[in-house]
Amino acid sequence: MIKFSKQQLKIPQMSKPVYLVTGGMSKFDRAIPEKRTEELVIDAFLEAAEFIKKSPEELKEYIHSCYYGHFADHFGDQLLGEAVIHDRLGLDPLGNVGIKTGGATGGSTIWEAYKAVASGYSDTALAMGWERMDEVPTDEGNHYIASAADKDWETPLGHIYTGYYAVMAQKYWQVFGKEEESFRRTLAEIAVKNKGYARMNPHAQSPMNITVEDVLNSPTVAHPLRALDCCLMSVGASCVILADEKTAYEMTDNPLLLYTSAGSHTLRVADRRDMDIPLLPNESPDQYKDLGLRFPGGDRYPGFTGFLAARMAAYYAYGMAGIVDPTEDLDLVELHDAFTISDIQTYEDIGIRPYGEGRTYVESGDCYHTNPFTGQPGKLPANLSGGLIGCMHAVGATGIMQVIEVAQHIWGRWSEMHADEAKWKRFNREKPDDWTDLQVKGAKRGMAISHAGVGSHVTATVLVHPDHQLKGRG
Amino acid sequence: MSTQNRGTVKVENGRYRVSGNFHYAFPNDPIRDENGKLLGITNPADMTHIHAYGGEAPFFENLSNAKLLGTKCANPKCETYGSVYIPYRIHCPDCLMRNEEVDLTDLARKGASVHTFMITERTGAFNTLEKPIRFVNVEFEGVSTILMGYLSVGEPSIGMKVVPIFQTKNPTFTIMDLSWVPAGTSADELPEGFSL
Ligand SMILES: [Zn+2]
């Protein structure tokens, strides 16, 4: 649809508030030959139990239903893998369901668990996600990922997903980036930032101390995208526990309010019809009237440059949590940086910057933990985990990892979970000598965006400390 | 282990009739570390799927006849009545009525241009296109969608006028039977098997 009814624009009204109680994750890596998927899932669960000082048995006593995010059955070569995981976690005969929405699988899994608790079906629910992308060589992995494009109309063209993003990168670069070398460098800065933050994260698969030149000189994958512009292929698991208010405060003294919403758009970018830009609370109806004048060719929305699914997810989530301006109202975000270009596109879709001006979020220094130009805290730090470029993209686990990372900042426990020498050792990784504490001081609210395909599914999960709720929430 | 007599399929009386082999079994191999410790096994698999084009079949059939078919909503009561679609949509996304087929070949020859593009040397497994691949996303005057394809001659740029070419000799009956070349390209510049 390209016009919306009043019913479709309703801000979701949940029957009761839902809280994030705890979360945990495994090590992430390109290949983990020494562990089965079940072992990684148990690693994630054990970390979640330990985080709130509970034994696994104690934590399991609260769980009433389970939501399992695993995107690609063909990667794992195991249909109904949810039943294997559920059994190995010792959670039979509780109800469980598998959820798969491509790259947004992790976010969608939380969305399902959230609704289960909000509706009263369960007082406590487990959302667990995993992916095993090491069962095939990289070129076959690329073919599998490209199978998430249209099998008749797109996949036969190269069997390479990066290509389907590169056409968006090309369009965005020419229209909004005005083909400037400076814009290409800004894209590269995102990779430098995220690879760099990954160095402080023991879970992260691809920590790198690199420069813009390194990104620009890395092998071309699909012009203008280069290898260091692209997300990782990963193995690993992550989970969160959601509960209603009463149960959450029984389990821990510091649960966080959680709101999750979802949007969608066509699998093929080809099918996206020209339409009016739906507005977020911090935008005005007039502000995009001259978009095509300021950026010739930029007046076709969403075209190849916007993600309507992300915009819709943000619209619902902002209404639910009372967010007016994400840059003012949030303290940090984890975005789905599948590619440096899609990261910039998303800044605009979710209203961190107006359409056409995404680059300024990076160029102002706002997206950093510490603004490199002022030395002051960044206004809205993004992807301190390292994101999909630096930490991992174990598809079903990604959206859940992002939520855990945001939560640890609001809990003020980011350093505890990332500095621990024992964890670095257990993951067989060397903690860098210049390890830096990336805790966002005084973080009260944050958001994670989980994104599939070329924008087919997007979820937004907002976390709010209960003492710092916003007025005007839905 | 050979993969001879690969499977083929016909439909008779509305049912699939298959002949030949649709899968080939290969033995597993152990995966060990440098100390000889067993870590896993390889699981070879070679399978052929049977895929129905359904209502999109006319599109794929007609590429080999040098025709580019799209569809349009023919329901006057629909809010988006008259909208033209390529990729070929069987049903209107708004009213869900069955769309009417429209021949877009002439429109594509006169009014198609590159909306965006990309060039790649890297492909996934099973790619059969010659590298580097030049993707072009083609927009048409009066059409509400943008079609993905590949350019067979020259270098792409945004706004460039292009015309379709079709694999009329030895067609594959896939989207790869459709390619694009800059407007004004002569027939002798086309890849083997393609015609304007
Ligand atoms: Zn219609």
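Predicted model: local features only at pLDDT ≥ 70, side-chain atom pairs only at ≥ 80, totals over all residues.

1. One pair to look at is A:Lys3 with B:Glu79, whose side chains meet in a salt bridge with an N to O distance of 3.6 Å. Polar contacts between chain A and chain B, with both residues at pLDDT 80 or more, come to 15 residue pairs.

2. On the side of chain A that touches chain B, the elements that give two or more residues are helix 6 (138–146), helix 7 and strand 5 (220–222) of chain A. Of these, helix 7 of chain A gives the most, with 7 residues.

3. As for the extent of the interface, 40 residues of chain A are in contact with 43 residues of chain B, and the area buried between the two chains is about 3600 Å², with 62% of it coming from carbon and sulfur atoms. Within chain A, the residues that lose the most area to chain B are A:Trp153, A:Leu157 and A:Arg273, which together account for 23% of what that side buries.

4. The next point concerns a sheet in chain B, where 3 strands form an open, antiparallel arrangement in the order 10-11-12. Strand 10 (112–120) and strand 12 of chain B stand at the edges and have a single partner strand each, so one side of each is left without a neighbour in the sheet. Neighbouring strands of this sheet are turned against each other by 25° on average, direction ignored.

5. Which strand pairs with strand 10 of chain B, and over how many bridges? The partner is strand 11 of chain B, and the two pair in the antiparallel sense over 8 bridges; within this pairing, B:Thr116 has B:Asn137 of strand 11 as its bridge partner. Helix 7 (residues 161–175) of chain A packs on the sheet and touches strand 10, strand 11 and strand 12 of chain B, its direction making about 115° with that of strand 10 of chain B.

6. B:Glu139 stands opposite B:Ile146 in strand 12 of chain B. In the hairpin that these two strands make, 5 residues lie between the strands, and B:Gly142 takes a positive phi near 80°.

7. Turning to charged pairs, the count over all chains is 35 salt bridges. Side chains of opposite charge can pair when their charged atoms come close. A:Arg199 forms a salt bridge with A:Asp434, with the closest N and O atoms 2.8 Å apart. This pair links distant parts of the chain, 235 residues apart: A:Arg199 lies in the loop between helix 8 (181–198) and helix 9 (212–217) of chain A, and A:Asp434 in the loop between helix 19 (421–426) and strand 10 (445–451) of chain A. A:Arg199 is buried, at a relative accessible area of 16%, whereas A:Asp434 is partly exposed, at 38%.

8. In chain B, B:Glu155 forms a salt bridge with B:Arg134, the closest N and O atoms being 2.6 Å apart. B:Glu155 lies in the loop between strand 12 (146–150) and strand 13 (162–167) of chain B and B:Arg134 in strand 11 (residues 133–140) of chain B, so the pair ties together parts that are 21 residues apart in sequence. B:Glu155 is partly exposed, with a relative accessible area of 49%, while B:Arg134 counts as buried at 19% relative accessibility.

9. Two further groups in chain A deserve a mention. A:Arg413 forms a salt bridge with A:Glu416, with the closest N and O atoms 2.9 Å apart; A:Arg413 is partly exposed at a relative accessible area of 21%, and A:Glu416 also counts as partly exposed, at 42%. A:Arg36, A:Glu38, A:Asp87 and A:Arg88 are linked in a network of salt bridges.

Definitions and conventions: Residues numbered from 1 in each chain as written. Chains lettered and ligands numbered in written order. Heavy atoms only, no water. Salt bridge = Lys/Arg side-chain N within 4 Å of Asp/Glu carboxyl O. Helix = DSSP H or I, 4+ residues; strand = E, 2+ residues; numbered from the N terminus. Buried < 20%, exposed > 50% of the residue type's maximum accessible area, 1.4 Å probe, protein only. Pairing = 2+ DSSP bridges. Axes fitted to C-alpha atoms, helices over the stretch in contact; angles between N-to-C directions. Contact = heavy atoms within 4.5 Å. Buried area = accessible area lost by both parts, 1.4 Å probe. Polar contact = N/O pair within 3.5 Å; in protein donor to acceptor, adjacent residues only side chain to side chain.
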